[in-house]
Amino acid sequence: MINTKYFVKGFLSIKGVGSPAIALGASFIAIGALLKNVGFTIQESIFSTFLTYALPGSLVMAESMLIGASLINIFIAVWLVNARLYPMTVSLMPLLMHESQPRWKYYLSCHFIAVSSWLIMKDNYTVIKKKNRIDFWIGIGTATWFVAITSTIIGYVASEYLNKDILIGLAIINPIYFTCMMVGAMKTVQISLSVVLGAILGPMFYFLSSEWSILFGGFVAGTIAYFIGEFNDR
Amino acid sequence: MTGSVLITILVTSFATYLSRFLGVLSAEKIKETSKIFRWFNCLAYSTLAALIARIVIFPSGTLSEVDYLVRLIVVILSIIVFYLTRKNIVYPTLFSAIILALFSSYI
């Protein structure tokens, strides 16, 4: 059903110099501590990471609960902050699709799409034959998911010992990891422009609408980068 | 588990899975060599960059207690460390955490 060789290969990609384990761990430790402060039980915290497994979404959920937002408002806020998963999925899945593979694998394993797993897959897919990519991906996804759940537990249990300074240190790790991975991915005109323009336009659109800034900024930046890149290639 | 927390978790995870699910649904009709794929690739990277830039410039929670100039300097220094260590991801992340934790405990 799942080719063990490629699954293990994917799973082991959390080791090594490109490893997302530290960044993922740090941010989910912070989430674990945050969920405890919001009043979650340890089971609820585990359940939350298990089912959502997307950091900004869990953050928005916790913040919304603190201010007592309604379920509809939580749904909209989470959907908006996690809607980036749509273009991420569309730009990943065609690379993994193969007619010999059953479709349930794709619909189930899309749960593993989060920034860190996505960046590793984007970095490594060319070295795996197309037929085996989905099993490799399920390996990456399982490993990063496992790190996230374990770290949530650690953060929950250790929350009393995490003072403000440590939490600030933990909070910067994830953006730094993503920034370095993105800078490392800037190999073509299109991707370089997408990253640079996105980083400029995203915060600029924040002044117009804080909720929509990521989507609007990302859409405009990505579209400009696409056309400049296409024009440049001709 | 209390009911309202459980429902909130379910709503959050549904709102998150929705984008992933619709993504696979759309991806079934998109070839990796097509123009639309390249466009979505740009959108994915630009949206991610927008998200990360927002976290650094307009953070919520603990990071907002650090001055934005300090955050920006730490990001730039970390990118330099990333290149100096031949794109090793572990050093810049640890470096940034230690610098920021020390900075915040002394000031």
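Helices (H or I, at least four residues) and strands (E, at least two) are taken as DSSP runs, numbered from the N terminus. By this rule, the secondary structure of chain B comes to 4 helices and 0 strands. Its pattern along the sequence is α-α-α-α. Chain A holds 13 helices and 0 strands.

The model is predicted: local features need pLDDT of at least 70, side-chain atom pairs count only at pLDDT 80 or more, and totals for chains, interfaces and linings use all residues. Residues are numbered from 1 along each chain as its sequence is written, while chains are lettered from A and ligands numbered from 1 in the order in which they are written. The predictor gives the complex an ipTM of 0.92 and a pTM of 0.91. Chain B averages a pLDDT (the predictor's confidence in each residue, from 0 to 100) of 90. In chain B, 96% of the residues score at least 70.

The overall dimensions of the two chains were then computed. The radius of gyration is taken over C-alpha atoms, and the globule rule is 2.2 Å times the number of residues to the power 0.38. For chain B the radius of gyration is 19 Å, whereas a compact globule of 107 residues would have one near 13 Å. The C-alpha atoms of chain B fill a box of roughly 50 × 45 × 20 Å along the principal axes.

A residue is buried if 20 or more other C-beta atoms lie within 10 Å of its own, exposed if 12 or fewer, and partly exposed in between. Of the 234 residues of chain A, 54% are buried. For the 107 residues of chain B, the share is 44%.

Domain bounds come from an automatic or database domain assignment. In chain A, this assignment gives domain 1 (4–174) and domain 2 (186–234). Their C-alpha centres lie 24 Å apart. Two residues are in contact if their C-beta atoms, placed from the backbone, lie within 7 Å. The contact between these domains takes 5 residues from domain 1 of chain A and 5 residues from domain 2 of chain A. Chain B is assigned domain 1 (1–30), domain 2 (31–58) and domain 3 (66–107). The C-alpha centres of domain 2 of chain B and domain 3 of chain B are separated by 24 Å.

Between the chains, 86 residues of chain A are in contact with 70 residues of chain B. Helix α11 (residues 164–185) of chain A supplies the largest share of the chain A side, 20 residues. That side divides into 59 nonpolar, 22 polar and 5 charged residues. Here Ala, Val, Leu, Ile, Met, Phe, Trp, Tyr, Cys and Pro count as nonpolar, Asp, Glu, Lys and Arg as charged, and the others, Gly among them, as polar.

A nonpolar core is a set of buried Ala, Val, Leu, Ile, Met, Phe, Trp, Tyr and Cys residues joined through C-beta atoms within 7 Å. The largest has 108 residues. Those with the most contacts inside it are A:Ala30, A:Leu170, A:Ile172, B:Ala49 and B:Ile52. Helix α2 (residues 35–57) of chain B gives the most to this core, with 14 residues. Not counting residues up to four places away in sequence, A:Leu170 touches A:Ala26, A:Ser27, A:Ile29, A:Ala30 and B:Ala97.
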